[in-house]
Amino acid sequence: MANRTNGTGGAGAASREPPNVVHQNAIMAETIKKQQLNQKTYTNLADKPNRTVPAQFSQDENTDEFLKESLTKGKRVPKQKYNMPLTSSQEYGWDIADDDLQKPPEVLYRPKQSCELTRFMGEYWRQKEQEKLSGQQQVQQTAGKK
């Protein structure tokens, strides 16, 4: 064990022979030969499926309708595009009608109510604030005149 760690014995880095250039060249030639055997070149490249060239379409009414349909389909919400939800996140709320989302139910509607005492105290504090502000303005005016 000790001989391996200090590098004095065994098949360590010092006892390795330098790489043979002829063998390295033969290995490289064999690798290239195998790559060329398995290589396939594609000369017929198709256009991107999302790219449409106007020359490919004729002036049929069906083509115009198809193009309009495909352009408007991307702007629709998932519920209008598909019959069933595609993901588990879409399952939540899939069966809720659109009317339910528009207006809250009247049962839950409770307008803000206040009693007579609350309205009285609101007015009282509003008047107190007005008096405080007007008092500060008077002090500033008198200080400005001096």
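**Exercise 1.** This predicted model holds one aromatic pair. Work out how the rings of Tyr124 and Trp125 are arranged in the pair.

*Solution.*
Step 1. The ring centres of Tyr124 and Trp125 lie 5.5 Å apart, and rings pair if their centres lie within 6.5 Å.
Step 2. The planes of the two rings stand at 75°. Planes over 60 degrees apart count as edge-to-face.
Step 3. The pair of Tyr124 and Trp125 is therefore edge-to-face.

**Exercise 2.** Decide whether Tyr124 and Trp125 are buried, partly exposed or exposed.

*Solution.*
Step 1. Buried means under 20% relative accessible area, exposed means over 50%, and partly exposed lies in between.
Step 2. Tyr124 has a relative accessible area of 36%, so Tyr124 is partly exposed.
Step 3. Trp125 has a relative accessibility of 52%, so Trp125 counts as exposed.

**Exercise 3.** Find the element that holds Trp125 and the nonpolar surface patch that includes Trp125.

*Solution.*
Step 1. Trp125 is located in helix α7, which covers residues 116-145.
Step 2. Together with Leu117, Phe120, Met121 and Tyr124, Trp125 makes a nonpolar surface patch of about 560 Å².

**Exercise 4.** Describe the secondary structure of the chain and state what share of its residues is buried.

*Solution.*
Step 1. The chain has seven helices and zero strands. Read from the N terminus, the order of elements is α-α-α-α-α-α-α.
Step 2. The chain has 146 residues, and 1% of them count as buried.
Step 3. The accessible surface of the chain is about 15,200 Å². Carbon and sulfur atoms account for 53% of this surface.

Note on methods
Residues numbered from 1 in each chain as written. Predicted model: local features only at pLDDT ≥ 70, side-chain atom pairs only at ≥ 80, totals over all residues. Heavy atoms only, no water. Patch = residues over 30% accessible without salt bridge, like charges linked within 9 Å, V, L, I, M, F, W, Y side chains within 5 Å. Areas by Shrake-Rupley, 256 points an atom, 1.4 Å probe, with all protein chains shown as cover. Salt bridge = Lys/Arg side-chain N within 4 Å of Asp/Glu carboxyl O. Helix = DSSP H or I, 4+ residues; strand = E, 2+ residues; numbered from the N terminus. Buried < 20%, exposed > 50% of the residue type's maximum accessible area, 1.4 Å probe, protein only. Phe/Tyr/Trp six-rings, centres within 6.5 Å; stacked < 30°, edge-to-face > 60°.
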